[in-house]
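Student: I would like to go through some labels used for this structure. Please set each value against its cut-off.

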Amino acid sequence: MQLAPEWVPNLHPLVVHFPIALLSLAVAVSLVEVFYKPEWINRSRLWLYILGSLSLVVTLLSGRAAADSVSPPFSAEMTLSNHSDSAYTVLWYFLAFTLIQLVLPRFVKVDKTWIRLVYFLIACFGLSLLITTGELGAKLVYKYGVGTP
Amino acid sequence: MNNNPFGFLLILIVVLSLAACGQSEKGAKETDDAKVQAAGQEEASGDHEHHAATALSAEETTIWKPSGEGADLIGRDFHFISGSATQISPVVMSEDGQNVLQLTTSEEQAAFVFHNKMGNVGIAVTLQRGDYKGTIKIIHHAQNAQTYEYVSINNDTMTQGRVIDGVEEVFDTKNFDKENEDWITIRVSAAGTHFKGYLGDKNITHGHGDEMEAGYVGIMTEGVGKLTIKSIEVTPLEAE
């Protein structure tokens, strides 16, 4: 069974928007949770980070495969390398942050406002890393035409 | 939310500060890369000033093509970090209206490099192996014959790696399809910690390692036979 339409060069462009959407929403929910702390928001935040991190794994693997299937011009190679390095940083960052959010409540009471604020600030930094990675990926496509016919 | 405006302001300040930090870090990286390229230019105009030779541009692609007499050409545009011109018997010939450089190699290692040092670099070499038997290495970040990075081809195998003080570390090795081989273009990319080898437009090897200090770009032969080179394209890779 073919996973992607034949006009798509690889799976990466199909899956790359999932972590962006899920983790952006997770950060927004983290902000809401600084001020409101009902249980359903807490659960929503955790699930968004879990799903966002898992989608990062899939996106990174598809990106690795994509990088070896294209032949970028030399002028794009540094951007491709930086995009790849940045993607690994984002992956490890959000995996670690998600793990902390799952484990920490077992040892510490985390419903204090200042802890929620720290969560949100950590998430904001992760989001800035994600935006940088996405910007480099967009540059590969729209500036250098990597992966386009 | 309404009862805590100070908290909201604090959040906004921290987010903006983090974004600014990211930008300044990026700026510093660009400056470092520029210094490496500048160092390469200084080296070219300093240590090897006596050569009136093809100098690799630190800003744009340089396409080297053979011209003149073989021995003069090799002496003018390159210098040897291993072996000498007599080991490769360079001759400039005309083929299909284009000049090509034919090397007849002996078994001993020979390596000739451009006079400039380059940092992050893309290299494309168009060559024909003919009856050549052995290994051809496209070398870069070369300090000397004992310390360099390379993409090599031997028969139908491409290998990518580095040699430091004579100790070899292989990043990646793969076989490729060499049916109907005539002229081939080997492309090498050394971008930060990512190293790639292409045959034509097809990626064959991809390895990772620490970024090395700027070094020479050239060709190393470890084999016997006739090897013909049509062009060498060298592109400095700039960080964005």
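Tutor: Start with accessibility: buried means under 20% relative accessible area, exposed over 50%, and partly exposed in between (1.4 Å probe, protein chains only). This is a predicted model, where local features need pLDDT of at least 70, side-chain atom pairs count only at pLDDT 80 or more, and totals for chains, interfaces and linings use all residues. Residues are numbered from 1 along each chain as its sequence is written, chains are lettered from A and ligands numbered from 1 in the order in which they are written, and side-chain values use heavy atoms, with hydrogens and water left out.

Student: Why is Tyr93(A) called partly exposed?

Tutor: Its relative accessibility is 22%, so Tyr93(A) counts as partly exposed. Phe94(A) has 0% and therefore counts as buried.

Student: What makes Phe171(B) and Phe195(B) a stacked pair?

Tutor: Rings of Phe, Tyr and Trp (its six-membered ring) pair if their centres lie within 6.5 Å; planes under 30 degrees apart count as stacked, over 60 as edge-to-face and the rest as tilted. Phe171(B) and Phe195(B) have centres 5.3 Å apart and planes at 25 degrees, hence stacked. Phe171(B) is buried at 15%, and Phe195(B) is buried at 2%.

Student: What makes Lys196(B) and Glu77(A) a salt bridge?

Tutor: A salt bridge needs a side-chain nitrogen of Lys or Arg within 4 Å of a carboxyl oxygen of Asp or Glu. For Lys196(B) and Glu77(A), the closest N and O atoms are 3.4 Å apart. The pair qualifies as a salt bridge. The count between chain A and chain B is one.
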